[in-house]
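Please view the sequence and the structure first.

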Amino acid sequence: MNSQRKLNIWALVGAGILVVMAGYFVFSGQSAKGFGSPVTLRINEQVKFMDGLAVTLAEINDSRCKPGVVCFWAGELSPRFILSGGDIGQSREIRLGTATVKSVVQNGYMVTLRGATEDTATIIVTKEGGV
């Protein structure tokens, strides 16, 4: 087999591998997100970031005052997240709130709650050093 034909075969193999990898990331929903952009998650949904950090929305506690009830505090929606991978090491849980704790720093990552509903939470994740 001549060298030009071998080169063409290797080029086709390489292109095939790239197509398969791209398809995996696009169709599996596993494309890595960049830091600093809003991400909306549903309960039990996970997002992965470029450095391997994974953030899962585990639950949303709703302590808001119900209509027709007299309350001393208006309450809030408070999502609980599980962080793993990246620079986190062992999995960590954090809880944010729409009225109280809106940001938490954990192992160099800042997670900020932008908003929440009964079944979704929108966060922005940044990393020290801007990586």
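## E93 and its partners

E93 is exposed, with a relative accessible area of 54%; here exposed means over 50% relative accessible area, buried under 20%, and partly exposed in between, computed with a 1.4 Å probe on protein chains only. E93 forms a salt bridge with R80, and the closest N and O atoms are 3.0 Å apart. E93 is in strand β5 and R80 in strand β4, so the pair links distant parts of the chain, 13 residues apart. Strands are DSSP runs of E with at least two residues, helices are runs of H or I with at least four, and both are numbered from the N terminus.

A salt bridge is counted when a side-chain nitrogen of Lys or Arg is within 4 Å of a carboxyl oxygen of Asp or Glu. E93 and R80 also belong to a network of salt bridges that links them with E59 and R95.

## How the model is read

This is a predicted model, in which local features need pLDDT of at least 70 and side-chain atom pairs count only at pLDDT 80 or more, while totals for chains, interfaces and linings use all residues. Residues are numbered from 1 along each chain as its sequence is written, and side-chain values use heavy atoms, with hydrogens and water left out.

## Other salt bridges

How many salt bridges does the rule give? The count comes to nine. One of them joins E118 and R64, whose side chains meet at 2.7 Å, N to O. E118 lies in the loop between β7 (109-116) and β8 (120-127), and R64 in the loop between β3 (54-62) and β4 (77-84), so this pair ties together parts that are 54 residues apart in sequence. E118 is partly exposed at 49% relative accessible area, and R64 is partly exposed at 33%.

Another salt bridge is formed by D62 and K66, with 3.9 Å between the closest N and O atoms. D62 has a relative accessible area of 29% and is partly exposed. K66 is partly exposed as well, with a value of 44%.

## The loop residue A99

Where does A99 lie? A99 is in the loop between β5 (92-95) and β6 (103-106). A99 is partly exposed, with a relative accessible area of 45%.

Apart from its neighbours within four places in sequence, A99 is in contact (heavy atoms within 4.5 Å) with W73, G75 and E76. The C-alpha atoms of A99 and S78 are 8.5 Å apart, and these two residues are 21 residues apart along the chain.
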